[in-house]
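Dear colleague,

Please find below the structure that I am handing over to you.

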Amino acid sequence: MKSRQSHIGETAHIPQELVKELTKTRNQITIGIPKEKEEEKRLAFTPEAVDMIVDAGHKVILESEAGLGINYSDTHYSESGAEITEDKRTVFQSDIVFKISPPCIEEVQMMKSRTTICSMLHLRDFSKEVIQSMITNKINGIGYELISAEENCYPVRNSISEIEGAASISVASELLSNTHGGKGILMGGVPGISPTEVIILGAGAAGTTAARGALGLGAFVKIFDNDINKLRRIQNALGRTVFTSVFQPNVLYNAFKSADVVIGAMRYINSPVRQVISEDMIKKMKKGALLIDLRINQGGCFETSCFLPEEQPYIFEKYGILHYCMPSLSCRVARTTSMALSNIFTPLIINDSSPTEISGALSLNQGFHSGFYLYAGKLVNSYVAGHFNMPSNDIGLFLSAY
């Protein structure tokens, strides 16, 4: 009987049955997945992803009930090879911890020195006290939004943006209806009735997906961005001619006066310029219009949503305009988001974990080392350092000494 073979290079061959076993000869890494706070439903890995990671020879420790937010029980994870524990400290003693929300001070204090923690940045919820504690404990910190697999390609940021862009149109459709206290209009309209006017601020991944969804429902869409190349790309991506404009004040003012829905999807991370829509512009909108801010975790796109206190509800009315400011819209579809994150992180763990420490693998990978904001307790990202008014270092200075 012929042996099934896989080609490696031009002449070397290896029996396919051995591929799975050979991957297990790498150094084992312990990966911790803690339970998130109650309002955070998303998780970095699904049971299917855990199965692949364990099969590659690594160890996964999951805090009990961590997967309930995405409708996966402890049994699903244990059957995939994860070790289930009720001890949160055990999870945070892992070599690398994958979570969604930024770590709190208690979690940092549970970590051993030089643990790598991966999470969303969410600087609005990230305190300087936590950063100082991470520096003291020489923790490695990776922000999902900073990871770039290649030039100008941010896999996590783009995936989350696509999901939230699509979800924003579903939210808009709900909030415009009478059921949820809206004006009682249909997204898109019907023959004989003017279509709903939707303004999208930002022509990135979220803006493109939101525009596609709104156009699919029959809405009249206007897209604003100061990057002409992005406006050109969104036209090509949508496959049709749509209204596009830079942030020209008069054009923007006239658009806001007639808009039914405004979706804020401007990108601020690692951006030298921050633009927000003024309160005066929002006051001119017609009563009953809807604002959806997809960038609350980055400070907000509108002046009326930039400085919301923690106790502020995520749905509120100001100047007769309904504001929807949920910090993470992708939480509404947490399972889909978790699957998207798993698709990104699982190959990273399986393919790039030959060094003894995962931080070494990540830093040596030209794309993923951009995700570090803390390396061995040193701030190495100017965007994060600037937020806390702290000095930033070049990560290259520390790689050889780590």
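**Salt bridges**

A search of the whole structure finds 12 salt bridges, a salt bridge being a side-chain nitrogen of Lys or Arg within 4 Å of a carboxyl oxygen of Asp or Glu. Please note that this is a predicted model, in which local features need pLDDT of at least 70 and side-chain atom pairs count only at pLDDT 80 or more, while totals for chains, interfaces and linings use all residues. Residues are numbered from 1 along each chain as its sequence is written, and side-chain values use heavy atoms, with hydrogens and water left out.

One of the salt bridges joins Lys35 and Glu65, at 3.3 Å from N to O. Lys35 lies in the loop between β3 (30-33) and α2 (47-55), and Glu65 in the loop between β4 (59-63) and α3 (74-79), so the pair ties together parts that are 30 residues apart in sequence. Helices (H or I, at least four residues) and strands (E, at least two) are DSSP runs, numbered from the N terminus. Lys35 is partly exposed at 32% relative accessibility, and Glu65 is partly exposed at 41%. Here buried means under 20% relative accessible area, exposed over 50%, and partly exposed in between (1.4 Å probe, protein chains only).

Another salt bridge is formed by Lys286 and Asp260, whose closest N and O atoms are 3.1 Å apart. Lys286 is in the loop between α11 (279-283) and β13 (290-293), and Asp260 is in the loop between α10 (249-258) and β12 (261-264), 26 residues apart. Asp260 is buried, with a relative accessible area of 7%, whereas Lys286 is partly exposed at 31%.

Glu279 and Lys318 also form a salt bridge, with 3.9 Å between the closest N and O atoms. Because Glu279 lies in helix α11 and Lys318 in strand β14 (residues 315-318), this pair ties together parts that are 39 residues apart in sequence.

**A pair of helices**

The axes of α7 (155-176) and helix α12 (residues 334-351) come within 10 Å and cross at roughly 160°. Axes are lines fitted to C-alpha atoms, for helices over the stretch in contact, and angles run from 0 to 180 degrees between N-to-C directions. The helices α7 and α12 are therefore roughly antiparallel to each other; angles under 35 degrees count as roughly parallel, over 145 as roughly antiparallel, 65 to 115 as roughly perpendicular and the rest as oblique.

Yours sincerely
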